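Have a look at the structure first, and then we'll go through a helix pair, the cores and a couple of loop residues.

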Amino acid sequence: MRRTLSVLIGCVALAAAGGCVGGRPAGEIRDTSGWIDPALAANGPVCDVAELAAVAEQVRAARRPTDGRMPPKRSVLAISGGGSYGAYSAGILCGWTQAGTRPQFDVVTGISTGALIAPLAFLGPAYDAELERFYTTVRNDDIYAKRGVIRALAGSSFADTAPLRRLVEATITPDLLRAVAAEHEKGRRLYVGTTDLEGRRPVVWDVGAIAARGTPADRKLVVDVLLASAAIPGFFPPVPLTVEAGGRTTTEKHVDGGVSASLFFVPPHVPPEERASLPRGWLYGSDLYLLVSGKLYADPEPCPPESLRIAGGAITTVLYAQTRGDLQRLFTVSMLTGMNYHLAAIPADFDAPTSATDFDPAKMRRMFDEGRRQVLAGTAWQAGPPGLGKEATCVVRAGTSLVAGGGGPAVVSPGVAGFPVMTQEGIPVPAMPVTK
């Protein structure tokens, strides 16, 4: 099942990159998000959002530091995958710098396109110009070269990523890695996630630790890890990474980190000798920033009769649902650690491209400018996870007679814009296994 899914992801990405469109005109696309069953809506919400917010606050209050001392405030940034939608995340970061409120992150994690952004975000505003250039000027030919259908079917991918490798090598210079290593020595951390294709598991790479070794082989490893994290399975080729375990050397095949996680959290570094004495609530009041390169809910699209496009629509739905699930899981982490939860994503009403593999400078500029605009307007961040806001309607039906658009209360909740920011105490959080 998962092997088929990976191949289909690549096939769908190829179709999208080739400009395939649905068979029905855009005017016939149906947005059913507001359709409800009036017979079931009369039962009222399954759970009240305000009540959930109160429970979350109670969890935090129960963990509040009892000695009244505030721990040092930390900042963690996690950036999701999303291909060309990374232009939005780049715009958020650059706008954040312009607003004068961007923190220095103690930890930055990245998946897929987020992995390509992560080193520049980690090193701070001095690299904003590089971020903007990359996400507003590159084209498809700068990222990949499509192979012929016969060659693609017989090989490991539908596209060759040699152009992307050249871009990453030009960005991850020895000077940049020395800068990353210097920040690593100060205790800051940079992590990138990939997926071990054969082991079928997520792998987190400590890029700062690799950079600190400072050899040409380690620079190549960083480049390979970034390429692997962005390698859409089936569309881009897996990246071989050689590791040693138990005295034996083996070569693993790594692909897009988004296959196993849309984004991930690792807590700030604590020296080993200090871990046993960590006080209760050591992350209380710290900030967890979750930057989604895309929307929280997929835009409706027509469903043509071709089997590949039908599979593509289903896979898209699965991937969006996985992202929302990860964001909800990280909201739980924020409650249990006392971290403030901040989530940014492309607004639902923004006219975004339909394909994440379409690197069109004009479209990417629009997404970049939207991210920057939101930060400067103070509207970028919401304090609660998806599924608990005004867009969250549970589509439960008992029949086919429906009411469209505000015909009654939603089954889950009529909704609120988001949770209030609720700060509270935290506890030590175990990190995912990290490969150095």
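Helix H9 (residues 162-171) packs against H12 at an angle of about 130 degrees, and their axes are 10 Å apart. Axes here are lines fitted to C-alpha atoms over the stretch in contact, with angles running from 0 to 180 degrees between N-to-C directions. H9 is therefore oblique to H12, since angles under 35 degrees count as roughly parallel, over 145 as roughly antiparallel, 65 to 115 as roughly perpendicular and the rest as oblique. On the H9 side, the contact is made by Leu-164, Arg-165, Val-168 and Glu-169, and on the H12 side by Arg-219, Val-223, Asp-224, Leu-226 and Leu-227. Contact means heavy atoms within 4.5 Å.

A word on where this comes from: it's a predicted model, where local features need pLDDT of at least 70 and side-chain atom pairs count only at pLDDT 80 or more, while totals for chains, interfaces and linings use all residues. Numbering starts from 1 along each chain as its sequence is written, and side-chain values use heavy atoms, with hydrogens and water left out. Helices (H or I, at least four residues) and strands (E, at least two) are DSSP runs, numbered from the N terminus.

H12 itself covers residues 216-229 and reaches 20 Å from its first C-alpha to its last. Ten of its 14 residues are buried, among them Val-223, Asp-224, Leu-226 and Leu-227. Buried means under 20% relative accessible area, exposed over 50%, and partly exposed in between (1.4 Å probe, protein chains only).

Now for the cores. A nonpolar core is a set of buried Ala, Val, Leu, Ile, Met, Phe, Trp, Tyr and Cys residues joined through side-chain atoms within 4.5 Å. The largest one has 69 residues, and Leu-77, Leu-93, Tyr-135 and Ile-143 touch the most other members. Helix H5 (residues 113-123) gives the most to this core, with eight residues. There's also a second, separate core of 27 residues, including Phe-264 and Leu-330.

| Residue | Relative accessibility | Touches |
|---|---|---|
| Pro-353 | 12% | Tyr-85, Lys-363, Met-367 |

Thr-161 sits in the loop between strand E5 (159-160) and H9. Pro-353 is in the loop between strand E11 (340-344) and helix H15 (361-377). Pro-353 and Gly-294 are 59 residues apart in sequence and 9.8 Å apart in space, C-alpha to C-alpha.

Conventions
Expected span 1.5 Å × (residues − 1).
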